[in-house]
Amino acid sequence: MINFAQVGNDLYTGKRSIDFIKRQKTWYALSAVLIALALVGIFVKGLNFGIEFSGGSEFRVQGVTNSQGYEEKAQAAISKSGIEGNVISTIVGQDTVRVQSEAASDRTDEASAALAQQFGVDKSAVSASLIGPSWGQSVSQQAIRGLIVFLILVTIVMALYFRTWKMAVSGLVALLHDLVITVGIYALFGFEITPSSMIGFLTILGYSLYDTVVVFDKVRENTAEAFRTKRMTYSAAANLAVNQTLVRSINTTVVALLPIAAVLFVGFTLLGPGTLLDLSLALFIGIAVGAYSSIFIATPLLVDLRRNEPAVRELAKYVERHGAKPHVAGQQGSPEPAVVGADATGAASGTAAVSSVPSEGGARPVHKYAQPGPRNQPKRAPKSRR
Amino acid sequence: MARSSTKKSARRSLLALIVVILGLSALAAGLTKWGDGSLTPRLGLDLEGGTELVLQPQLTGTETISEGQVNRAVDIIRQRIDANGVSEAEITTQGGRSIVVSIPGQPTAEQLDALKKPSQLRFRAVYVQALDPNASQANPGATPSGTATGTATPSGTATGTGTPTATGTATPSTSSTAQNGAVPDALRAATTPATPTGSATTPAAGATTPAPAATTPAPAPTAAQTEAAIKAQASTGLVGLGWDKAKADAAAAKVAKDYTALNCSKAGAIDAIADDPALPLATCGEDRVTKYVLGPSEIDGSEIADATSGYQPGPNGQPTSIVEVALSFKDAGKAKFAAVTKRLYGLQSQPPLDQFAVVLDKAVITAPQARAVITDGRASITGSFTIDSAKQLAEQLKFGALPISFALQTQDNITPQLGKEQLRIGLLAGLIGLLLVVIYSLIQYRALGFVTVASLVVASVITYLAVTVLGTTHGFRLTMAGVTGLIVAIGVTADSFIVYFERIRDEVRDGRPLVAAVETGWKRARRTIIAADAVNFIAAGVLYFLASSNVRGFAFTLGLTTLIDLLVVMLFTHPMVQLLARTEFFGNGHKWSGLDPQRLGAKESVRYRGRGQFGAPGAQRPPATVGSARIADGKAQA
């Protein structure tokens with residue numbers, strides 16, 4: 001087990017830092033490749049839609065003791081009951097045969113009986129579902145409508161929460177990125193898309209957004225501090241924010257993925273395709289991609305969007321002129337670790353100290369003379385005015 | 001003082017949580033004891049076994065379907081299923097168009113057809129009407145007390161607004177109400193216009209039978225005699241329609257036989273009846289208590305132009321307190337209706353021959369008497385309606401004007417075995433997932449991980465109770481998708497604890513003593529948690545309204561657990577951490593507490609220790625923290 005606490009400390013103080021922002025081109029390129037692959041998968045290979053979309057019948061024969069030649073048996077039973085077309089049969093779990101055929105409509109009963117007879121089980125062990133052809137259309141319509149409504153709502157929420165369209169746009173791009181890659185993975189691996197996986201895709205959007213919200217929260221906090229103290233550039237502050245939330249991001253992602261992984265494993269080995277597996281597969285892929293995008297795509301994109309704002313440029317110029325403080329990015333061998341710590345935490349806790357002291361109640365306020373650090377030194381007029 | 005108030009508020013929060021849990025448990029227990037609740041969540045069809053059908057109303061031509069008609073369609077399907085004798089069917093609409101029917105077991109092809117077929121509304125003359133002796137024996141409470149209350153209003157004046165009055169009797173049995181919950185009592189009263197009952201078995205010739213009570217057609221003629229009497233009456237009726245005598249006799253004999261054999265209280269009785277519009281029909285009332293022999297269909301439901309309900313306008317146009325159903329016919333129907341009412345009006349002295357029955361899907365929904373010759377095709381049915389029952393009858397009549405059949409969209413049949421298997425596997429997956437999360441959080445947060453575990457346990461308990469209670473009160477059923485949602489929610493719930501703990505750690509790294517770190521950390525984490533939960537909740541809400549029925553459970557449980565997560569974080573996790581931060585183990589930053597400042601690389605800063613002393617940044621850190629914590633404790637106790 002990696003000592004996350006230690007890594008976390010270093011990331012928090014900036015002693016150890018991963019350069020998320022400066023290497024944004026690498027991440028963009030990586031994502032571009034992934035998206036290109038996904039699009040190839042979607043448009044060239046095509047998506048594998050389940051029978052819910054095209055219409056058809058699915059039977060599950062449980063308790064099959066002798067699964068030898070199950071394909072022929074299934075085919076025989078289905079054609080005997082007067083249903084035309086191809087029959088796809090698979091074995092799921094230990095003793096269940098899944099048979100998919102053209103829509104059985106009125107013949108569902110006969111087909112169940114024939115299957116039960118062929119496999120030598122009681123008729124009560126055969127489950128059947130029938131999906132009419134027009135059902136799939138309404139399901140797809142519903143999903144698309146859901147997606148649109150969802151994206152609109154999400155944009156509104158983001159714009160309200162962050163009060164800047166640039167953050168909302170970055171978050172949205174990250175969302176679409178996740179969605180495209182997830183669907184692309186489905187296309188490339190030929191996973192079946194069912195209404196359940198559709199719901200999974202929509203849920204991913206919520207999840208991805210949630211991750212982005214947490215990271216952006218910290219970005220906003222740090223950059224506000226940066227504008228106030230003029231100690232580091234906007235991108236450095238944002239980078240520090242990503243680093244500071246990295247441990248949390250990893251932890252939450254792992255914790256979210258663990259139960260889903262359990263579902264995937266159990267569902268795959270014991271149950272076979274169904275609501276459980278479809279939902280969890282979509283969620284598993286989506287959450288993993290979502291964690292990646294909120295760190296590697298959303299924040300760098302935000303920085304790039306804001307790079308040319310006058311205030312941000314001015315800040316960058318100012319910091320350049322006055323020399324960036326040493327904690328910014330990759331200063332492991334920093335000669336003065338103490339200063340490093342002080343600066344980084346100063347940036348992070350400055351607002352907190354200001355805002356929380358009165359309301360905190362419990363903590364005794366530290367006398368201002370007792371506080372160390374350059375912040376409380378008598379201010380010297382800036383060089384330009386001397 | 002400040003500290004002690006924090007402590008107090010923490011305790012208050014925990015107390016509130018206990019109250020919530022106890023309240024939910026009491027509710028669940030109470031519903032089980034005094035209601036029809038249970039102590040386990042209600043399971044959906046895919047976990048319990050059963051069949052789910054999605055039906056879509058099909059219209060002919062360019063007609064569009066309104067919401068009222070969909071609701072009507074739901075009632076019709078419910079009626080059909082009740083007639084099949086299937087209990088516990090659940091029928092809901094979805095997306096304003098589709099109708100979702102959930103029934104235990106597997107329907108046969110015939111039953112499915114019966115569900116799907118278009119509904120047929122027909123007007124037939126009544127030849128014989130009587131309480132079904134079987135029904136009244138089955139339901140001893142079914143004595144029709146009270147007498148006809150309907151008022152006969154003036155007849156076909158120049159305006160032509162005649163009033164065929166449905167004479168209502170008091171409500172029949174309670175048990176039949178249970179069987180047919182869709183139709184309120186009052187309507188049934190209107191549908192059983194049991195003209196003083198004995199007369200039903202009386203031959204038309206008017207042989208004077210001393211009207212016996214409905215429950216005891218006792219001294220009455222033998223079955224054979226009754227059958228013969230019915231045959232005679234039906235035959236007379238048919239001849240009255242201009243039928244050939246021999247043909248009428250044959251049809252009458254058959255219908256009389258059907259009638260005698262008919263047992264309305266039996267499930268599926270109505271279904272078994274063959275409905276030929278050209279022939280007389282022996283059938284039951286919608287309440288399945290009254291039996292009828294009806295003539296051939298004279299007017300089709302499609303002739304109805306409109307049906308409305310409301311208070312009958314008085315002579316001056318002001319509304320009276322009489323509730324009526326106003327019925328108007330299209331042009332072709334007008335003439336037919338005029339002919340029918342004219343003929344029936346002439347038979348006014350021989351009840352029930354002056355009644356015409358409105359038959360919807362073979363069941364008589366109302367059988368008013370013709371009290372006037374109605375030539376303008378605008379009839380008004382009055383009787384012991386309430387405004388609601390009148391509205392329902394009007395809807396039924398209107399529905400008849402628009403024959404709707406249903407197309408089967410999906411049919412999902414799950415055997416109980418498969419359901420049980422799925423539930424078992426779902427629970428297993430959930431357990432494994434929970435275990436993995438517990439292990440991970442113990443490794444990551446050491447002792448603090450136990451707070452996560454306890455919080456998850458509390459959240460599970462609340463979720464279980466909530467799902468159970470909702471199952472009883474709102475008919476929420478836990479499906480496979482719902483179970484998946486619950487498992488996924490483990491991660492979402494644990495997420496918020498992580499956000500919180502990481503924030504506390506950040507504050508500790510900044511050099512705050514734990515007690516203060518918990519407070520500031522909470523203030524910042526709370527914001528994030530609320531925002532994140534809001535996003536999740538919106539997502540769940542949108543999914544719920546857009547999802548098709550089989551995955552709705554997922555959205556529902558996701559939304560529910562998001563709310564529960566918020567509740568648990570506020571009322572359990574945070575107060576717990578607040579209290580724990582004041583213990584030696586956590587407050588001193590024990591190595592295994594997960595909040596060890598040294599391990600977290602806390603920044604050392606000068607700290608006022610009280611009594612004019614400062615802790616220097618370079619000095620040993622633990623004493624400083626302990627010092628301040630102790631002072632705090634001392635103050636709290638003082």
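Analyst: Where an annotation comes from UniProt, its positions are given in the numbering used here, its feature name is shortened, and it may be inferred rather than shown by experiment. This is a predicted model, in which local features need pLDDT of at least 70 and side-chain atom pairs count only at pLDDT 80 or more, while totals for chains, interfaces and linings use all residues. Residues are numbered from 1 along each chain as its sequence is written, chains are lettered from A and ligands numbered from 1 in the order in which they are written, and side-chain values use heavy atoms, with hydrogens and water left out.

For chain B, an unreviewed UniProt entry gives the annotation "transmembrane region" to residues 423-443, 450-472, 478-501, 529-547 and 553-572. Within this list, the span 450-472 of chain B is 100% helix and 0% strand, and its end C-alpha atoms lie 33 Å apart. Here helices (H or I, at least four residues) and strands (E, at least two) are DSSP runs, numbered from the N terminus. Residues 553-572 of chain B are likewise 100% helix and 0% strand, with 27 Å between the end C-alpha atoms.

Helix α15 of chain B, residues 480-509, holds B:Leu486, a residue that counts as partly exposed because its relative accessibility is 23%. The scale behind that word calls a residue buried under 20% relative accessible area, exposed over 50% and partly exposed in between (1.4 Å probe, protein chains only). From B:Leu486 to B:Tyr464 there are 22 residues in sequence, and their C-alpha atoms are 9.9 Å apart in space.

Elsewhere in chain B, helix α11 runs over residues 331-346 and contains B:Asp331, which counts as exposed because its relative accessibility is 63%. B:Asp331 and B:Gly377 are separated by 46 residues in sequence, yet the distance from C-alpha to C-alpha is 7.8 Å. B:Tyr345 also lies in helix α11 of chain B, and with a relative accessible area of 29% it is partly exposed. Between B:Tyr345 and B:Ala370 there are 25 residues in sequence and 5.5 Å in space, again from C-alpha to C-alpha.

A charged side chain can also lie over a ring, as B:Lys291 does over the face of B:Tyr259, at 4.6 Å from the ring centre. The rule is that NZ of Lys or CZ of Arg is within 6 Å of the ring centre and within 35 degrees of the ring normal.

For chain A, the "transmembrane region" annotation, from an unreviewed UniProt entry, covers residues 26-44, 143-162, 169-191, 197-216, 254-273 and 279-303. The span 26-44 of chain A is 100% helix and 0% strand, with its end C-alpha atoms 26 Å apart, and the span 143-162 of chain A has 100% helix and 0% strand too, with 28 Å between its end C-alpha atoms.

A second case of a charge over a ring belongs to A:Lys230, whose charged end sits over the ring of A:Tyr318, 5.3 Å from its centre. A:Lys230 is placed in the loop between α8 (195-229) and α9 of chain A, and it counts as partly exposed because its relative accessibility is 36%. Most residues other than glycine have a negative phi.

Turning to the rings, a search of the whole structure finds 17 aromatic pairs over all chains. One of them is A:Phe20 with A:Phe296, an edge-to-face pair with 5.3 Å from centre to centre and 75° between the planes. Rings of Phe, Tyr and Trp (its six-membered ring) pair if their centres lie within 6.5 Å, and planes under 30 degrees apart count as stacked, over 60 as edge-to-face and the rest as tilted. This pair links distant parts of the chain, 276 residues apart, with A:Phe20 in the loop between α1 (4-13) and α2 (24-45) of chain A and A:Phe296 in helix α10 (residues 275-306) of chain A. Both A:Phe20 and A:Phe296 are buried, and together with A:Trp27 and A:Tyr292 they form one aromatic cluster.
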